[in-house]
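Subject: Structure handover

Hello,

Here is the structure I promised you. Please open it first, then read the notes below with it on your screen.

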Amino acid sequence: MYTTPEQFIAATKASLETQFAALTSLNKKAFEGLEQFVSLNVNAAKASFEESSAAAKQLAGVKDAQEFISLTTAQAKPTAEKALAYGRHLASITTATQQEFTKAVEAHIAETNAKVSSLIDEVTKNAPAGSEQAVTALKTVVGNINAGYEQLSKTTKQAVQTLEENLANATQQFTQAADKVTAKKK
């Protein structure tokens, strides 16, 4: 049982070190996701600039309206496809980062729950007679907190899944609309 101040200090120190390690891990994962996002945007901006310059040169050499229409029509579908690819890549970065966050948080919470349960068990072993109700109440509170976290985790996972499904549907609808526009212009 934790009876001396040194033992409480050691337990607090271990808890703080665990919290710091978890925050460091989450910060690292966030930075990696941000790095991927920035890299994607830089590459997309470079490609867009180069393609826009080439398209402008082609349009500058147009001799009549029909050639202008056919050229812009030919450029529309690849542009739409590149925008969709960008959206998919961005979604994959976001999803992967979110999954890494979820894993790290779940591992940290599981570790913390185990430590709290162990501490409660250790403290309650030597609890004075008549404190059974307080011990039961404490265990109930911890159980309710864990149940609340599990429900929050399930709800978050469902929300992410719904978001991914909506993104996939929007991408499919955008692709179909782009195909229809391109087919009509031809």
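**Contacts and overall layout**

In the protein chain, take the contacts between residues at least 6 apart in sequence: 73% of them join residues at least 24 apart. Please keep in mind that this is a predicted model. The secondary structure comes to three helices and zero strands. Along the sequence, the pattern reads α-α-α. Helix H1 covers residues 5-60. Helix H2 covers residues 65-125. Helix H3 covers residues 132-185.

The chain has 186 residues, and buried residues make up 16% of them. The chain exposes about 13,400 Å². Carbon and sulfur atoms supply 63% of that area.

**Confidence**

The mean pLDDT of the protein chain is 79. A value of 70 or more is reached by 90% of the residues. Which helix has the lowest confidence, and which the highest? Helix H3 is lowest, at a mean of 75. Helix H1 is highest, at 85.

**Salt bridges**

Side chains of opposite charge can pair when their charged atoms come close. How many salt bridges does the count come to? The count is four.

Start with lysine 13 and glutamate 17. Their side chains meet in a salt bridge, at 3.9 Å from N to O. Both residues lie in helix H1. They are four residues apart, which is about one turn of the helix. Lysine 13 is exposed, because its relative accessible area is 52% and the cut-off for exposed is over 50%. Glutamate 17 has a relative accessible area of 46%, so it counts as partly exposed.

Next, look at lysine 29 and glutamate 100. Their side chains form a salt bridge at 3.6 Å, N to O. Lysine 29 lies in helix H1 and glutamate 100 in helix H2, so this pair ties together parts that are 71 residues apart in sequence. Glutamate 100 is partly exposed, at 33% relative accessibility. This pair also belongs to a network: Lys29, Glu100 and Lys103 are linked by salt bridges.

Then go to glutamate 51 and lysine 82. Their side chains meet in a salt bridge at 3.0 Å, N to O. This pair links distant parts of the chain. Glutamate 51 is in helix H1 and lysine 82 is in helix H2, 31 residues apart. Glutamate 51 has a relative accessible area of 36%, so it is partly exposed. Lysine 82 is partly exposed as well, with 42% relative accessibility.

**A buried threonine**

Now find threonine 73 in helix H2. Is threonine 73 buried or exposed? Threonine 73 is buried, because its relative accessible area is 5% and buried means under 20%. Its side chain reaches the backbone oxygen of isoleucine 69, at 2.8 Å.

**A nonpolar patch**

Phe31, Leu34, Phe37, Val38 and Val42 make a nonpolar surface patch. The patch is about 450 Å². Take leucine 34 as one of its members. Leucine 34 lies in helix H1. At 46% relative accessibility, leucine 34 counts as partly exposed.

**Far apart in sequence**

Asparagine 27 sits in helix H1. Asparagine 27 counts as exposed, with 54% relative accessibility. How many residues separate asparagine 27 and phenylalanine 101 along the chain? They are 74 residues apart along the chain, and their C-alpha atoms are separated by 9.4 Å.

Glutamate 81 is partly exposed, with a relative accessible area of 42%.

Best wishes

Key: Residues numbered from 1 in each chain as written. Predicted model: local features only at pLDDT ≥ 70, side-chain atom pairs only at ≥ 80, totals over all residues. Heavy atoms only, no water. Helix = DSSP H or I, 4+ residues; strand = E, 2+ residues; numbered from the N terminus. Buried < 20%, exposed > 50% of the residue type's maximum accessible area, 1.4 Å probe, protein only. Polar contact = N/O pair within 3.5 Å; in protein donor to acceptor, adjacent residues only side chain to side chain. Patch = residues over 30% accessible without salt bridge, like charges linked within 9 Å, V, L, I, M, F, W, Y side chains within 5 Å. Areas by Shrake-Rupley, 256 points an atom, 1.4 Å probe, with all protein chains shown as cover. pLDDT = per-residue confidence, 0-100. Contact = heavy atoms within 4.5 Å.
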